[in-house]
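User: I would like to go through the terms applied to this model one by one. For each, please set the value against the criterion behind it.

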Amino acid sequence: MDIRIWFCFTAVLIQFGSVTSYYHLHRDRTSGNRTCRQTLSRIGHLSIEAPQPPNIAGEWTSQRCEVRPGPEFILRRYYFQRHHFKLQQYYYKDPGCKRPAYGVVAEGHYRHKRPSWIVQGGTETAYTVHNVSVIPYTSNVARTFTKNAQFCTELANMNFSTFRKTKILNFPPYAKNSHDASRDFDCSFVFNLTFHELQLIRLEIQNHHVYSSIKYFRVVKAKRARTEKLLFLGDIHTDVKQRASYRPTAYQTALRPVFTRKCHVCSLIANSHDFLPPQLKNGRNTALDLTGEWVSRRCETRQYGQFLTRHLSFYPDGSSWSGQYDFYRDPLCLNPSFTLKVKGMYSIKADSKSIVGAKNCNFRIHNLKVKPMSQLITQNLNIFGGQGCGRPKSWETFEEQDVTSTGGCSTLGINLPSVEHELLKIEKSHNKKLLFIGQRPTDQGVRPVGELPTSFQEPLLQCTNAQDPPKKTKFITKYKLPYFQKLESLESSSANNIHFVAYRLFSLVVSFFIVRIL
C-alpha cells in the first residue's frame, strides 16, 4: 500500500511539475516588438537636463552628412573653450559627403547673455568673429572663388589655389596701442558665409539607466547611468538670400562630442584637419518604400518656439497616408497644446535634381481634425471659431472636432484642400530606417507653386512595417526552474497546445496502469 501511494505521488509531480516546465510562454523582447505608441511615449519619459547657461566647452562634431538649404552638404567640427571658439566647416559636392569642395575656418569669441524669450529652453549668445579663412579643395572651386573675390575690394587681385588657406575676414581683437584698423576687412558676404547659428544654443544631457540582467523579475546587476550630450545650435533660413539678416528661432541637427561611442562619422571628423577633409563611405540610401508607420525620435522644434512630435502612416495601397501632429508648450514635450490629425493622398514624382537619392513627392490633405489640449488654445479657437475653424464657439478642451467642412482652420493657418510639394529620402542607420522629409519654410508660409525644399527636417524612425509578418508567440523549453515557477508556468502556458495536452494525457494513462499493476 505504501508503494502505491509513493507511485501516485510521483505521477502527480510528473504531471503538474516537470511537464509544465517544458513550455514556458514568453514574447520576443527585442526592439522590433515595440509599438509606435510606446516609442512616442518614451520621449516624454527621458531624463534630460538643459543647464543654463550651458557649459559647451569641448570639441563637437556632426553625426551625419548634413543638408542645409541651398542645398549645401556640410560636416561641422566646432571647438569651444573659455569663451573662445574655432569653427571648421567642410563643404561637399554630394549629399553623401564623399567629394569635398572647400573648407571654412573661423575663430572668435562668444558670451552667453540670457535665456531665450523666443525659444524656451535655449540660451541667447553674442559672438564676435576675428578671422575667417577658406580653403578650396578643387580647381573649379578655386576659379569660382577667384571670380567672386572681384566683388570685394580687399580681394580684387587675389588668386585662389587648391589647398591654400586664404583669409577673407580680418577683425583681430583690440590690443592697447597695437591695433591697425586699416588692415580690417570683411569679404565674407561674397562667399555667403554667416555664423548666426551661434546666437541660439541649447545643451542637452540625457541620462540612460541600463540594467545588465534581470532574474525572476528582480534586478541582479545594474550598470551605471550612461550620459549622452547633444549640442543644438540655431537654424539656417530656408531662403539663402535672407540668411545674413536672420536670427535663429529653431535648431539645426545636433552635434555630438568628438569621442562619442559608436559614432563612426565623429571619429572620421576627429582624424581630419584643414588640408585633409573627412570623406564618408558609401551612402546608406535605400529604396523609397514608405509603407508602414514613422514616428519622431525626439521632441522636435519648429520656428518661433513650437515643439511637436510626428506620427505618419503610409498604407499598402501606395497612395493614402495619415498623420498626427502633437504640439507642446515646452522643449521636453510634456505639456500638450493641441493635436492635428490629417488624412490625404500622396504621389511620388521624379528624382530630385538638387539632392541625389531623394525624390519629389506631392502630399494632398483633404481631411483635418483639431483637438485642443490646453485652456488657452480652446479660448483662442472659440474667439476666432466663426472665421473658418469648426463650429463657432463650440470648442472644448480635450474634445476633437472635424474642421474639414469649414475648409480647415484659418486660426492655425491651415486651409483645405491643400497640396504640399515635398522632398523625401530614406536612409538606413544601425539596421533602422529613417525617413527624411523636406524642411518647412522658415516664414511658416506655404511654398510657392513649383518651389521644392532643399533641406530636411529631423528624420522619422520606422516603428512598424506593414510587409513584416506578425510576431508569433514562442514556446521555449525550460528545464532548470524552481518548482514554484513550474506551477506559474502552468498558468501562463497555452492550454490549447497539442503537445502539452498529449503529454498530460500520456502521464495520466501511465500513472493509472502503474497503480493497477501494484
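Analyst: The terms are taken up below in turn, for a model that is predicted.

User: What makes Leu290 count as buried?

Analyst: The relative accessible area of Leu290 is 3%. Buried means under 20%, so Leu290, at 3%, is called buried. Leu290 sits in the loop between α4 (264–270) and β16.

User: Which residues is Leu290 in contact with, leaving aside its neighbours within four places in sequence?

Analyst: They are Phe314, Tyr346, Ile348, Leu424, Ile426 and Leu435. Each of these has heavy atoms within 4.5 Å of Leu290, which is what contact means.

User: How do you know that the buried residues of α2 line one face of the helix?

Analyst: In α2 (residues 36–43), the buried residues are Cys36, Thr39, Leu40 and Ile43. Viewed down the axis of α2, they fall within an arc of 95 degrees, so they line one face. The general rule is that an α-helix has 3.6 residues a turn, so residues three or four places apart point the same way.

User: What covers the buried residues of α2?

Analyst: The cover includes β16 (292–296), β18 (306–314) and β27 (460–464).

User: What lines the largest cavity?

Analyst: The lining has 30 residues, and those nearest the centre are Tyr251, Gln252, Thr253, Gln439 and Phe456. At least two lining residues come from each of β4 (66–68), β17 (300–302) and β25 (418–429). By class, the lining has 11 nonpolar, 9 polar and 10 charged residues.

User: How does the lining of the second largest cavity divide by class?

Analyst: This cavity, of about 60 Å³, is lined by Ser116, Ile118, Glu124, Gln199, Leu200, Arg247 and Pro248. Ile, Leu and Pro count as nonpolar, and Glu and Arg as charged. The lining therefore has 3 nonpolar and 2 charged residues, with 2 polar.

User: What share of the protein chain counts as buried?

Analyst: Of its 518 residues, 45% count as buried, and that means a relative accessible area under 20%. The chain has 7 helices and 28 strands. It exposes about 28,500 Å², of which carbon and sulfur atoms supply 54%.

Terms used
Residues numbered from 1 in each chain as written. Predicted model: local features only at pLDDT ≥ 70, side-chain atom pairs only at ≥ 80, totals over all residues. Heavy atoms only, no water. Buried < 20%, exposed > 50% of the residue type's maximum accessible area, 1.4 Å probe, protein only. Helix = DSSP H or I, 4+ residues; strand = E, 2+ residues; numbered from the N terminus. Arc of directions from axis to C-beta. 1 Å grid on protein atoms, 1.4 Å probe; cavity = no way out; pocket = protein on both sides within 12 Å on 5 of 7 lines; lining within 4 Å. Points joined across faces, edges and corners; volume = space filled by probe spheres on them. Areas by Shrake-Rupley, 256 points an atom, 1.4 Å probe, with all protein chains shown as cover.
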